[in-house]
Amino acid sequence: MNDYSNRFTNRVEDYVKYRPSYPRAVINMLTAECDLRSDSVIADVGSGTGILSELFLRHGQTVFGIEPNEEMRAAAERLLAGYSNFQSVAGNAEATTLAAASVDFVTAGQAFHWFDQQQTRWEFARILQPAGWTVLLWNERRLDSTPFLRAYEELLLEFGTDYEQVRHENIEKDIAPFFAPDEFKLETFKNLQQFDFAGLRGRLLSSSYTPPPTDPRHAPMLGRLREIFSQHQHNESVIVEYDTKVYYGHLRPSAD
């Protein structure tokens with residue numbers, strides 16, 4: 001995980017096209033619970049192709065997209081070029097390059113599990129305003145709510161390279177220590193995507209733990225995906241269900 005910034009270099013196109021966004025309800029919740037305003041300044045850390053950044057940009061917030069991967073960052077710059085309130089930054093969670101006490105929110109979408117948590121905590125606390133908020137969120141795919149999702153999970157367990165090591169559920173035990181000694185809150189929202197086979201294939205290949213085309217497991221994995229789709233499709237589509245989990249709270253200037 002130390003070289004997380006390069007895991008998605010060859011998956012940018014599929015990531016842009018097939019990764020889910022986040023529900024509008026996230027904005028509503030942060031507005032009600034954390035006083036998110038149209039003039040709030042946000043550091044979106046591990047911003048990737050800008051999926052989470054755009055959620056805030058649409059509602060007027062200024063967003064610094066902090067992304068270490070050059071290809072992912074370039075995709076965000078291209079996709080978000082129409083937003084004057086977006087600034088792309090070549091940085092990472094442990095060294096954002098932003099000034100101290102310069103942002104109202106630090107967010108990390110689909111990225112927290114890649115960070116060095118001790119260094120990241122110090123850096124988040126450094127760049128936040130004293131009353132600022134840290135928001136960690138991701139779309140957690142449901143594993144067994146439908147026969148299709150159970151079959152898809154079995155595929156990942158069979159063919160994934162390091163799937164069991166990097167899944168989001170593994171990091172949840174680290175949330176409380178990250179915010180300690182303060183408390184955090186959790187809100188969960190429903191989310192989903194509907195795919196034809198091409199979309200499902202792209203969604204699968206956007207994941208960093210799936211074998212690349214040079215791997216001998218790649219073709220058998222896609223063959224199995226076709227079988228699963230054929231068995232579970234309805235009107236030539238399947239539904240991927242998610243729980244969007246949002247952890248939010250304050251960080252004290254020191255972890256001590």
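Modeller: A search of the whole structure finds 14 salt bridges, each being a side-chain nitrogen of Lys or Arg within 4 Å of a carboxyl oxygen of Asp or Glu. The model is predicted, so local features need pLDDT of at least 70 and side-chain atom pairs count only at pLDDT 80 or more, while totals for chains, interfaces and linings use all residues. Residues are numbered from 1 along each chain as its sequence is written, and side-chain values use heavy atoms, with hydrogens and water left out.

Start with Lys185 and Glu33. Their closest N and O atoms are 3.7 Å apart. Helices (H or I, at least four residues) and strands (E, at least two) are DSSP runs, numbered from the N terminus. Lys185 is partly exposed, at 47% relative accessible area. Glu33 is partly exposed as well, at 37%. The cut-offs are under 20% for buried and over 50% for exposed, with partly exposed in between, using a 1.4 Å probe and protein chains only.

Next, Arg252 and Asp182. Their side chains meet in a salt bridge of 3.0 Å, N to O. Arg252 lies in the segment after β7 (238–249), and Asp182 in the loop between α8 (175–179) and β6, so the pair links parts 70 residues apart in sequence. Arg252 is partly exposed at 41%. Asp182 is partly exposed at 23%.

Arg126 and Glu123 give a local case. The closest N and O atoms of this salt bridge are 2.9 Å apart. Both residues belong to helix α5 (residues 117–127), three residues apart, so about one helical turn separates them. Glu123 is buried at 3%. Arg126 is partly exposed at 24%. Elsewhere, Asp35, Arg37 and Asp39 are linked in a network of salt bridges.

Where does β6 stand in it, at an edge or in the middle? Seven strands form an open sheet, in the order β3-β2-β1-β4-β5-β7-β6, with mixed pairing. β6 and β3 (86–89) are the edge strands, each with a single partner, so one side of each has no neighbour in the sheet. On average, neighbouring strands are turned by 20° against each other, direction ignored. For that angle, axes are lines fitted to C-alpha atoms, for helices over the stretch in contact, and angles run from 0 to 180 degrees between N-to-C directions. Strands of a sheet pair through backbone hydrogen bonds, either parallel or antiparallel. Two strands count as paired if DSSP finds at least two bridges between them.

β6 pairs with β7 in the antiparallel sense over twelve bridges. Thr188 stands opposite Lys245 in β7. Nine of the twelve residues of β7 are buried, so this strand is mostly covered. β7 also pairs with β5, again antiparallel, over eight bridges. There Thr134 stands opposite Gly249 in β7. In β5 (residues 128–141), eleven of the 14 residues are buried, so the strand is largely enclosed by the rest of the structure. β5 pairs with β4 (residues 103–109) in the parallel sense over six bridges. Gly109 stands opposite Leu137 in β5. Further along, β1 (residues 41–45) and β2 (residues 62–66) run parallel, joined by five bridges. Val41 stands opposite Thr62 in β2.

Last, the pocket. The second largest pocket holds about 150 Å³ of space. On a 1 Å grid over the protein atoms alone, a pocket is an open set of points where a 1.4 Å probe fits, with protein on both sides within 12 Å along at least five of seven lines, and lining residues have an atom within 4 Å of a point. Grid points are joined across faces, edges and corners, and the volume is the space filled by probe spheres set on the points. α1 (12–18) and α3 (51–57) each supply at least two lining residues. α3 gives the most, with three. Among the lining residues are Tyr15, Val16, Ile51, Glu54, Leu55 and Arg58. The lining divides into six nonpolar, three polar and two charged residues. Here Ala, Val, Leu, Ile, Met, Phe, Trp, Tyr, Cys and Pro count as nonpolar, Asp, Glu, Lys and Arg as charged, and the others, Gly among them, as polar. Helix α1 also contains Glu13, which is exposed at 54%.
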